[in-house]
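Please read this short briefing next to the sequence and the 3D view.

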Amino acid sequence: MGRPIEVSAKPSARPAARSRTKTRAGSRCSAQDIYVQLREMILSFDLYPGTRVTETELAEHFGVSRTPVREALQRLEQDAYLLIRPKQGCFIRQLDIAELGHYYEVRQDLEALSLRFACEHMSDRALKDLGEAWDPELQPGRSEEPGEMVSREESFHVALAEGGGNSVLVNYLKDINSHIRVVRRLDFTSGERIDRTYAEHHELVHCLLRRDLPAAEALMQAHIAQSEAFAKSLTLHQLAQRRDTRFGQR
């Protein structure tokens, strides 16, 4: 995808103010606290693709020793948010459009399998509850904040997989989500996109209530294809523009 965009390795002032907040009385940030805050900084592009960070800088930033920082970075690497290169430092993962396409291809098959299991095993009551949670007329739980909307949207797909009763499938879907989450967050920056998601999810659940698997599969395929098309349309320049438009100039 070309050379990394050059940005400061130091997190911006706004997240820094949050990071120095004590998490419990008399205690500083734990490895979990640092992990959560760094993940948010990556997802919100306070730390941009290609950014280099070091344990020393982050330890100073959070006001802790390098040990909890190292633990947080190792976990972020496991969750595919960054790469750790010996003697070089840690680098926020570049967005590889071709690789994203591969994840979406796998996701199509996983979601189709998830629907089949849900159609066979998910109860009417559970499906009705899920449908009500995505009622396009009421839009319960709606948020205009992209990160919250992504979490809610992911929970919908995970709920279907869990309803089908296959825990291995659930874990695979969660892993796919972790790799495409940054792009999906950018996709939820308009009210129209959120409206469409509510309508699509609601309709899909009602197909399952009728036990109409072919109709549900067609809806899911179209739903994922829209997200995939958005991901494939992105360039690093467009990512920078979207970052500045959504989150403001840093």
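Three strands form an open sheet in the order E1-E3-E2, and their pairing is antiparallel. Strand E1 (52-53) and E2 are the edge strands, as each pairs on one side only. This is a predicted model, in which local features need pLDDT of at least 70 and side-chain atom pairs count only at pLDDT 80 or more, while totals for chains, interfaces and linings use all residues. Residues are numbered from 1 along each chain as its sequence is written, and side-chain values use heavy atoms, with hydrogens and water left out.

**The sheet**

- Two strands pair if DSSP finds at least two bridges between them.
- E1 and E3 run antiparallel and are joined by two bridges; Val53 stands opposite Cys90 in E3.
- Helix H4 (residues 66-78) packs on the sheet and touches E2 and E3. The direction of H4 makes about 120° with that of E2, where axes are lines fitted to C-alpha atoms, for helices over the stretch in contact, and angles run from 0 to 180 degrees between N-to-C directions.
- Strand E2 (residues 82-85) and strand E3 (residues 89-92) are antiparallel, with four bridges between them.
- Ile84 stands opposite Cys90 in E3.
- The hairpin of E2 and E3 has three residues between the strands, and Lys87 there takes a positive phi near 65°.

**Ser178**

- Ser178 lies in helix H8 (residues 167-187).
- Ser178 counts as buried because its relative accessibility is 12%; buried means under 20% relative accessible area, exposed over 50%, and partly exposed in between (1.4 Å probe, protein chains only).
- Leaving out residues up to four places away in sequence, Ser178 touches Asp79 and Tyr81; contact means heavy atoms within 4.5 Å.
- Asp79 is 99 residues from Ser178 along the chain, yet their C-alpha atoms are separated by 6.5 Å.

**The whole chain**

- The protein chain has 11 helices and three strands, in the order α-α-β-α-α-β-β-α-α-α-α-α-α-α from the N terminus on.
- Of the 250 residues in the protein chain, 49% are buried.
- Among contacts in the protein chain with a separation of 6 or more, 76% are between residues 24 or more positions apart.
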